[in-house]
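Thanks, everyone. I'll keep this short. Please have the sequence and the model up while I talk.

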Amino acid sequence: MLWRLSAFIRRCITSSSSRHCKKDSLFTIHPNVKEALADHRPVVALESTIITHGMPYPLNLSTAKEVEAIVRAEGAIPATIGIIEGRIHVGLSSDELDFLAQSKTALKVSRRDLPYVISKGLSGGTTVSGTMIVAHKAGIPVFVTGGIGGVHRDGENSLDVSADLTELGRTPIAVVSAGVKSILDIGRTLEFLETQGVCVATYGDSKSFPAFFSRQSGFTSPYVVSSPQEAADLIASTLSLGLKSGLLLAVPIPEGHAATGQLIEDAIQAAVTEASSKGVTGRDVTPFILQRVNELTKGKSLQANIGLIHNNAKVGSRIACALSKRKEKNGGNFRGDSKTQKSMAQRMDSKAGSDMIVIGGINVDFIAKGTTKKLVFGQTNPGSVCQSFGGVGRNIADCLSRLGYKPLFISAIGKDSHSDGVLNYCKHMNTSAIARLQDQRTATYCAVITESGELSLGLGDMDIHQQIQEQYVSQFKDQLASASLVVLDGNIPVSTIDYVCRIAKKHAVPVWFEPTDADKACKPFLSESWKALSYTSPNLAELCTMNQTLDLPTPTELPRSLEDVLGCVPALCRPLLEHLQCVVVTLGSLGVLVCGEHEAGTVNLQPRKQNRQKGRLCAVHYPALAVSSKETVNVSGAGDSFAGAMMVGILQGMETDSCVRMGLLAARTSLLSPHPIDPSLTADVIHPDKSHSQPWSKPTCVWIED
């Protein structure tokens, strides 16, 4: 399997300079955060302007570490968000925190600033607005900060309104803060939030809206929540409704620090007057006033600031934990019993989701990657070894589950030391059809790869895949007959493939065959079963195997140039397209070739009822994306991510260009992740218009001659 996916990288991802890759791959998610998101454990997003602009060094660094420690102590994982040399980091290491804390050139990064900072390779601390955007894209629903921005005093004349407010109106994140900074016009800020459709609630037993340093501002919140569970219910309801707006939870400063509130308020008034007289405006106002207030109060405001941030972290973490438990109780949904909770993909297709079926293998993968250019056999080589959970069928089912679909996954594992770990890792998937077999070993695979990601040696213990037999699969005959799509990987026995294809043909169910490698690509073509397939996604070697099994001529050497590919590969696909809807051929650095029936300048991917095409056949070539070998972490899931994402696009009825580009983007996220399927994979991450910073190359269409 890994040989195939390592080859996929050579086929579909071109190498490039690190600079280009930096522009194309914008996110780096800390391994601890990735693991927590994958396991559905609570994660709390934290901003970084408090590090870069809010406090002097080293107090800023110690405060940041204290806040992260509080989050961990409450049972959640902290994800401090910042930008380092043009890359967005979700979760920072100790060294990265120190870098931002000591940086003299770090910028303050809001929504407006993100494109510039990234394009120039600069570093910065994300504001409330910037952090909300990143947290939402990473799939983190709870964000803790000190206080949000708002309408500045005299804002009705200056129109100086913080981007935090408009972001709350368009990004569905729960922001836990000490209310609105008291240097602002709180009344107008609350009015603006109402206009933006932002739900505001005070956390505690009073509706009084807090003013950062003070527990009372003279204004009231529309609502109040008195416990983490109530707050979690409110967040879940907001997310369940599919609203695009966020939620503001205002947490009053602890009583012990509120005693100095009046002293601080007097200092604020003096600092505001001084800022006005000195002509301080815009984004410089808040840091100036906070610094002057700290000086006027002889450090008491800074201590109060730290106290409320600590308290917010504690409250926010408890809310995140309560939200995680609530979601787990409802089977991964915020309201599992509500029809309105379907994902956008499920709403677009009434057959999408749980009526999909994937049949294939599960592996426990051990990936050993050398750190030298060449590996020397017969001796110990320096490198790293990591464990992950793979298998072509499992990977595709995982990918589909993370993109809003939850197919029934039919497979087999042993009753051994690996099986519990597999099921625990896959708990976000529908694993009810995985057989646990006594006296059988869960499939394992060990791969040794070079520094550049090429496979040097692979060893597999996969005999258990032969236990996914017709007799077991036949238990799910009714589900197979009514499925919206059935996916088969080449690991399962030929007899099982034949059985599923008979059911699919009888009930006009589309089937996608993922060959897994050149040796297994022949399986459906050993009989008439291949005529029941709708889609397949071979590489060139696997495509040749398919043709050879049908006693059709194949080239003695695989084509290498794009000109040779376009002159040869469509002819190899032509006989398969007598019955298949589409053949997707992966071509390495040359990209992807999609072959099928022509419609409106491209290939029609939508499932059809009749066997033969009525229109002319064509092949559409898509150039490859670019990922540098240095950034490649794992090569064991790129091909499966590509296939899974493309399936989602097809079931959503998306255009062919979008389907293929979603696949390429999903493959890239896999390469950058230690897991075969990136735990942070979401529909937004692979949205062709949202997640690709470079213009898409135009595909090329050629005719397939009869």
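This is a predicted model: local features need pLDDT of at least 70, side-chain atom pairs count only at pLDDT 80 or more; totals for chains, interfaces and linings use all residues.

Start with the whole chain. There are 26 helices and 28 strands. The radius of gyration is 28 Å, close to the 27 Å that the globule rule gives for 706 residues, so the chain is as compact as a globular protein of that length. Along the principal axes, the C-alpha atoms fill a box of roughly 90 × 55 × 50 Å.

Now back to the pocket. The second largest pocket holds about 710 Å³ of space. Its lining counts 32 residues. Look towards the centre of the pocket. K108, T127, S162, D164 and K181 are the lining residues that lie nearest to that centre.

Which helices each supply at least two residues of this lining? They are α4 (49-54), α10 (163-168), α15 (285-296) and α16 (300-329). The largest share comes from α4, with four residues.

Stay with α4 and follow the chain onward. The loop between α4 and α5 is where P58 sits. The peptide bond between Y57 and P58 is cis, with omega at about 5 degrees.

That brings us to a helix pair. Two packed helices are described by the angle between their axes and the distance between the axes. For α5 (residues 59-73) and α6 (residues 94-102), the angle is about 145 degrees and the axes are 9 Å apart. The crossing of α5 past α6 is right-handed. Which residues make the contact? On the α5 side, they are N60, L61, A64, K65 and E68. On the α6 side, they are S94, L97, D98 and A101. By class, this contact has four nonpolar, three charged and two polar residues.

One last stop, further along the chain. Find the loop between β21 (511-514) and β22 (535-536); T516 is in it. What is phi of T516? Phi is near 75 degrees, a positive value in a residue other than glycine.

To recap: a pocket of about 710 Å³, a cis peptide bond between Y57 and P58, a right-handed crossing of α5 and α6, and a positive phi at T516. I'm happy to take questions.

Key:
Residues are numbered from 1 along each chain as its sequence is written. Side-chain values use heavy atoms; hydrogens and water are left out. Axes are lines fitted to C-alpha atoms, for helices over the stretch in contact, and angles run from 0 to 180 degrees between N-to-C directions. A crossing is left-handed if the near helix is turned anticlockwise from the far one by less than a right angle, and right-handed if clockwise. Contact means heavy atoms within 4.5 Å. Ala, Val, Leu, Ile, Met, Phe, Trp, Tyr, Cys and Pro count as nonpolar, Asp, Glu, Lys and Arg as charged, and the others, Gly among them, as polar. On a 1 Å grid over the protein atoms alone, a cavity is a set of points where a 1.4 Å probe fits but cannot get out, and a pocket is an open set with protein on both sides within 12 Å along at least five of seven lines; lining residues have an atom within 4 Å of a point. Grid points are joined across faces, edges and corners, and a volume is the space filled by probe spheres set on the points. The radius of gyration is taken over C-alpha atoms; the globule rule is 2.2 Å times the number of residues to the power 0.38.
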